[in-house]
Amino acid sequence: MLRRSPALHTGSLIAANGRFACYAIPSGVIRVIDRQTEALGLLRGHTREAVDLSITAGGGDECLLAAVANDGQALVWRVRAGGSAVQSERLLSVKVDGTSPGADDRIVLCPQGGPPGGPPLVAAILNGSAMLWDAPSGGEAAPPGPPSPLGCGAAA
């Protein structure tokens with residue numbers, strides 16, 4: 001029998017789009033399931049449990065998945081359908097020192113957050129600091145201009 005002390009999670013431990021379903025495992029690993037082929041994948045990199053997940057919408061063969069964990073890391077992967085196993089590539093890894101377990105850390109992917117035709121943006125709150133990155137390069141992004149009512153990209 002698995003015994004775990006109860007914990008309050010206010011973040012999203014499950015993320016899904018039209019193609020992939022993902023969930024956080026207590027060891028810091030994230031399981032990815034291809035909903036069309038039932039292929040599986042594991043995303044590694046966190047040393048403690050993930051507290052928030054975010055995935056880009058759509059049902060294509062590729063998407064971005066972001067996670068923030070109690071280890072003070074924000075990670076972003078490109079996830080691809082790939083035959084018998086889900087393929088992944090880590091695009092971004094950011095560590096913030098001094099984080100405390102159980103902190104209210106969050107992560108959000110804004111697929112059209114930057115300039116038109118530009119790369120997706122990743123917004124995170126780690127240890128009380130708000131941060132913004134360009135997802136593909138991992139470089140710090142310039143502010144995306146006036147936010148839309150949802151806080152991602154320009155208003156339509």
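Which residue lies over the face of phenylalanine 20? In this predicted model, arginine 19 takes that place, at 6.0 Å from the ring centre.

**Strand E3 and its partners**

Phenylalanine 20 also leads us to strand E3, where aspartate 34 stands opposite it. Let's look at E3 itself. Four of its five residues are buried, so the strand is largely enclosed by the rest of the structure. E3 pairs with E2 and with strand E4, residues 40-43. On the E4 side, arginine 31 stands opposite leucine 42. Here are the two pairings next to each other:

| Strands | Sense and bridges | Residues between the strands | Residue with positive phi |
|---|---|---|---|
| E2 and E3 | antiparallel, five bridges | five residues | glycine 28, near 105° |
| E3 and E4 | antiparallel, four bridges | five residues | glutamate 38, about 65° |

**The nonpolar cores**

Now for the inside of the protein. The largest nonpolar core has 18 residues, and Ile30, Val32, Leu65, Trp77 and Val79 have the most contacts inside it. Strands E2 (20-24), E3 (30-34), E5 (50-55), E6 (62-69) and E7 (73-80) each give two or more residues to this core. A second, separate core has 17 residues, including Leu92, Ile107, Val122 and Ala124.

Which residues does tryptophan 77 touch, leaving aside its neighbours within four places in sequence? Its contacts include Ile30, Leu43, Cys63, Leu64, Leu65, Ala67 and Leu91. Arg44, His46, Ser88, Glu89 and Arg90 are also among them.

Notes:
Residues numbered from 1 in each chain as written. Predicted model: local features only at pLDDT ≥ 70, side-chain atom pairs only at ≥ 80, totals over all residues. Heavy atoms only, no water. Core = buried A, V, L, I, M, F, W, Y, C linked by side-chain atoms within 4.5 Å. Buried < 20%, exposed > 50% of the residue type's maximum accessible area, 1.4 Å probe, protein only. Contact = heavy atoms within 4.5 Å. Lys NZ or Arg CZ within 6 Å of the ring centre and 35° of its normal. Pairing = 2+ DSSP bridges.
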